[in-house]
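This report goes through a protein structure piece by piece, starting from a single contact and widening out to the sheets and helices around it. Keep the sequence and the 3D view open while reading.

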Amino acid sequence: MSKKAILVASFGTSYNETRKKTIEAIEKQVAETFPDYEVRRAFTSRMIIRKLKERDGNHVDYVTEAMDKLSSEGFDEVIVQPTHIVNGEEYDDIVRIVTDHVGHIKTLKMGTPLLTSSADYDRAVEAIRKCLLPLAGERDLVLMGHGTVHYSNSAYCQLQMKLYGAGLRNVFVTTVEGYPEFGDTIAVMNERKCRKAVAIPFMVVAGDHAENDMAGDEEDSLCSMLKAEGYDVECVVRGLGEFPGFRQLFMDHIRYAIEKP
């Protein structure tokens with residue numbers, strides 16, 4: 001009998017409650033959607049893996065360890081699905097590790113991050129329209145991504161253009177560690193002269209960045225900077241993994257990976 005597995009590779013989080021609502025919710029939906037596959041977990045952040053081990057005694061495999069186990073346990077088919085937003089450094093690492101296992105597992109395939117093809121952006125825009133925009137009501141909606149020095153950071157600008165093209169002129173994309181920076185986004189928002197906004201993390205997990213960089217009291221947080229510009233701000237500390245519409249996008253990526261030659 002063939003042994004099949006789906007390895008869900010996430011950045012990870014040390015926030016236990018939000019992990020249950022996001023990463024574990026995605027893994028649960030994977031198991032329900034693909035019952036013929038065993039679902040395994042791996043994190044790509046060694047820092048979070050170490051913290052969970054030291055603080056909680058909770059061991060989570062790094063991708064290399066997870067792949068080695070699947071190989072040694074004789075799995076015939078493995079699908080590796082990242083829950084990352086863009087094709088950045090973390091995804092490059094996953095690709096490298098999975099490539100090292102080619103030839104050791106008969107059928108080895110990879111899914112792609114949330115924003116990869118042009119069609120992915122269109123689907124993400126529709127998920128934003130259906131899942132996130134209602135949270136804003138008459139307010140502007142600010143989506144805070146992570147951002148990166150990797151060239152994949154261009155994904156955030158592409159998402160902004162897709163949103164504009166879809167007529168969502170009241171939705172703005174900003175990042176913590178990339179471009180657009182908070183100040184760049186606020187400058188564009190100011191042109192609309194709407195002084196009410198809702199901020200939500202455009203990240204699978206609402207962890208440290210959401211709690212501090214977005215909703216924190218420090219003067220350089222997104223919330224504080226918006227308030228300094230005269231905005232009435234509400235922060236929704238919920239990761240994308242909490243929304244069924246976004247979880248479904250990852251299911252679609254897995255199905256595509258399974259079905260592709």
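## A polar contact at Gln81

In this predicted model, a polar atom of the Gln81 side chain lies 2.9 Å from the backbone oxygen of Thr112. Gln81 sits in strand E3. Is Gln81 buried or exposed? Its relative accessible area is 1%, and because buried means under 20%, Gln81 counts as buried.

Which residues does Gln81 touch, once those up to four places away in sequence are set aside? They are Leu7, Val8, Ala9, Gly111, Thr112, Phe250, His253 and Ile254. One of these, Val8, is also the bridge partner of Gln81.

## Strand E3

E3 has paired strands to look at in turn. Strand E1 (residues 4-10) runs parallel to E3 and is joined to it by 6 bridges. Within this pairing, Leu7 stands opposite Val80. Strand E4 (residues 107-110) also pairs with E3 in the parallel sense, over 4 bridges.

Helix H5 (residues 89-100) belongs with E3 and E4 to a right-handed β-α-β unit.

Glu73 is found in the loop between helix H4 (63-72) and E3. Is it buried, exposed or partly exposed? With a relative accessible area of 35%, Glu73 is partly exposed, because that class lies between the buried limit of 20% and the exposed limit of 50%.

Glu73 is in contact with Lys3 and Arg40, leaving aside neighbours within four places in sequence. How far apart are Glu73 and Lys3 in sequence and in space? They are 70 residues apart in sequence, and their C-alpha atoms are 9.1 Å apart in space.

## The other sheet

Another open sheet is formed by 4 strands in the order E6-E5-E7-E8, and its pairing is parallel. Its edge strands are E6 (171-175) and E8 (232-235), each of which pairs on one side only. From one strand to the next, the twist averages 25°.

Strand E5 (residues 140-145) pairs with E6 in the parallel sense over 5 bridges. In this pairing, Gly145 stands opposite Thr175 of E6. Helix H7 (residues 154-165) lies across E5 and E6 and runs at about 175° to E6. Helix H8 (residues 182-190) lies across E5, E6 and strand E7 (196-201), running at about 160° to E6.

## An aromatic pair

How many aromatic pairs does the structure hold? It holds 1. The pair is made by Phe202 and Phe246, with 6.1 Å from centre to centre and 85° between the planes. The arrangement is edge-to-face, because planes over 60 degrees apart are placed in that class.

What does the pair tie together? Phe202 lies in the loop between E7 and helix H9 (208-214), while Phe246 lies in helix H11 (residues 244-259), so the pair ties together parts that are 44 residues apart in sequence. Phe202 counts as buried at 1% relative accessibility. Phe246 is buried too, with a relative accessible area of 2%.

Notes:
Residues numbered from 1 in each chain as written. Predicted model: local features only at pLDDT ≥ 70, side-chain atom pairs only at ≥ 80, totals over all residues. Heavy atoms only, no water. Pairing = 2+ DSSP bridges. Helix = DSSP H or I, 4+ residues; strand = E, 2+ residues; numbered from the N terminus. Right-handed = clockwise from strand over helix to strand, strands pointing away. Buried < 20%, exposed > 50% of the residue type's maximum accessible area, 1.4 Å probe, protein only. Contact = heavy atoms within 4.5 Å. Axes fitted to C-alpha atoms, helices over the stretch in contact; angles between N-to-C directions. Polar contact = N/O pair within 3.5 Å; in protein donor to acceptor, adjacent residues only side chain to side chain. Phe/Tyr/Trp six-rings, centres within 6.5 Å; stacked < 30°, edge-to-face > 60°.
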